[in-house]
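Please view the sequence and structure below before reading on.

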Amino acid sequence: MEEREGEVRWDGLCSRDAAARAAALDTIGQAVLRRAESVASGAAADGLPVPAARDGLGEALARLLMLSKRCPFPDVREKSEAILGGVQELGIRIPRPLGHGPSRFIPEKETIQVGKEDAAMHTLFAESFATLGRLDNVTLVMVFHPQYLESFLKTQHYLLQMDGPLPLHYRHYIGIMAAARHQCSYLVNLHVNDFLHVGGDPKWLNGLENAPQKLQNLGELNKMLAHRPWLITKEHIEQLLKTEENSWSLAELIHAVVLLTHYHSLASFTFGCGISPEIDCEGGHTFRPPSVSNYCICDITNGYHGVDEIHASPAGSIPSTESVCEVEALMEKMKQLQECRDEEEASQEEMATRFEREKRESMFVCSSEDEESAATRDVSRHFEDTSYGYKDFSRHGMHVPTFRVQDYSWEDHGYSLVNRLYPDVGQLLDEKFHIAYNLTYNTMAMHKDVDTSMLRRAIWNYIHCMFGIRYDDYDYGEINQLLDRSFKVYIKTVVCTPEKTTKRMYDSFWRQFEHSEKVHVNLLLVEARMQAELLYALRAITRYMT
């Protein structure tokens with residue numbers, strides 16, 4: 001990648017050829033050290049004791065810090081560290097990482113360390129780095145499930161970089177618009193950088209009103225898709241397709257809808273797994289020296305006394321027998337439900353009643369904390385009407401008709417519509433949905449050889465139920481048997497108001513389960529949410545077309 005000031009070129013580091021990377025590293029090292037020497041001599045002339053990294057040097061040093069920790073190629077990691085060492089020898093303070101690992105919820109020692117991955121994962125990491133120019137924290141958490149990660153990266157690469165109806169800078173700007181609906185500064189920061197890198201106009205970043213009218217017109221659909229997709233009608237689609245010189249084509253609109261739903265659901269994953277800021281982004285590093293045995297003074301006064309305490313295992317704070325009983329009880333319920341299924345089947349009327357009851361009850365699931373999160377600095381300017389958020393169906397007497405999958409489904413309707421207007425994307429999405437839904441290692445916590453299909457279906461269908469989507473052949477009575485209140489609170493928060501997710505919520509459900517299993521839950525939440533949003537948007541597009 002080329003820096004905007006045109007002095008340091010980073011794109012050669014993405015090469016799979018070691019010689020090309022070595023040449024790029026030499027050029028980068030020379031450019032950074034030249035700039036560092038200039039800063040150091042300027043500070044000496046001004047009589048300053050510790051020169052500050054200025055004139056773009058700070059950004060370059062943060063980038064090198066990220067590469068020294070997160071690049072899958074060992075030669076790049078080592079050389080980046082050496083360049084930072086050379087800068088430090090000039091008396092310039094170099095950055096250090098803030099935080100511990102890719103997730104605030106998962107101890108770093110339980111995630112896969114870059115440089116210690118096996119050959120198959122290394123291939124995935126190298127592919128991701130070559131494509132994106134970084135190995136981001138989302139990837140480092142998703143890699144608990146390599147089969148899913150491969151499908152996810154392939155789909156995201158196609159949406160952002162391959163041939164398609166929308167120009168590249170529009171794609172990244174739509175990603176910013178979508179992530180900003182949930183105040184997800186992590187994704188906004190990544191796509192601001194990508195937007196500028198592909199030649200996007202910096203003025204657009206001052207707010208949606210500075211973007212072209214065509215993108216501004218997408219704001220209403222973005223808002224509804226993110227928070228109340230059941231309100232989308234064919235009239236909303238018609239307004240976008242028939243606004244004279246600012247109109248969208250059907251193919252462009254499908255591309256935009258897939259991007260919006262992708263980034264709404266990726267914001268859910270980001271908050272649901274407590275993804276940390278990237279090392280080279282704001283909040284990921286500091287130039288301040290460490291104080292008092294590596295803690296920051298402000299951490300100590302706020303009561304944080306080190307990594308172990310912050311990442312204390314939730315299971316450690318309660319009797320382990322209680323957690324074990326929780327797992328055993330869940331397995332027993334699954335067994336009993338299977339036996340009931342085999343013995344008798346509820347009538348269609350009873351099934352419909354159970355769905356309506358679960359839909360109604362899902363409205364009253366809310367966190368006792370329900371903290372209001374302040375909009376992150378600089379994020380809210382990318383969208384309007386910050387008061388517009390998730391609203392439950394029947395609150396204040398509002399009734400929303402049930403969406404019956406038998407009338408409009410992804411498999412029978414949505415898939416073919418997307419594939420027709422944006423070739424190959426329907427196939428990629430379908431593969432990703434199936435991998436997430438069917439993914440299993442036949443384990444539950446410490447138990448092996450367990451059929452988890454009933455539990456996975458309950459999670460998926462509960463999310464769709466919150467969106468009013470009903471499967472006629474599913475007994476919604478199973479949901480209350482399998483998902484306890486703390487789990488429902490976590491699911492609803494991550495899917496509907498992800499910015500309010502806390503570590504306490506993450507820790508409080510499935511206390512005896514592995515972190516990889518909780519990440520697996522998040523993959524189900526991501527894909528079920530994305531499919532629910534898509535179903536409402538695609539149904540409206542189909543109605544417009546017929």
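In this predicted model, lysine 242 and glutamate 238 form a salt bridge whose closest N and O atoms are 3.7 Å apart, a salt bridge being a side-chain nitrogen of Lys or Arg within 4 Å of a carboxyl oxygen of Asp or Glu. The structure holds 17 salt bridges. Residues are numbered from 1 along each chain as its sequence is written, and side-chain values use heavy atoms, leaving out hydrogens and water. Because the model is predicted, local features need pLDDT of at least 70 and side-chain atom pairs count only at pLDDT 80 or more, whereas totals for chains, interfaces and linings use all residues.

**Partly exposed partners**
- Glutamate 238, the partner of lysine 242, counts as partly exposed at 33% relative accessibility (buried is under 20% relative accessible area, exposed over 50%, partly exposed in between, with a 1.4 Å probe and protein chains only).
- Arginine 404 meets aspartate 407 in a salt bridge at 3.0 Å, N to O, and arginine 404 is likewise partly exposed, at 31% relative accessibility.

**A network**
- Arg404 and Asp407 also belong to a network of salt bridges that links them with Arg470 and Asp472.

**A buried pair within a helix**
- Glutamate 533 and arginine 529 meet through their side chains in a salt bridge of 2.9 Å, N to O.
- These two residues lie four residues apart in helix α23 (residues 515–545), so that about one helical turn separates them; helices are DSSP runs (H or I, at least four residues), numbered from the N terminus.
- Glutamate 533 is buried at a relative accessible area of 0%, and arginine 529 is buried at 0%.
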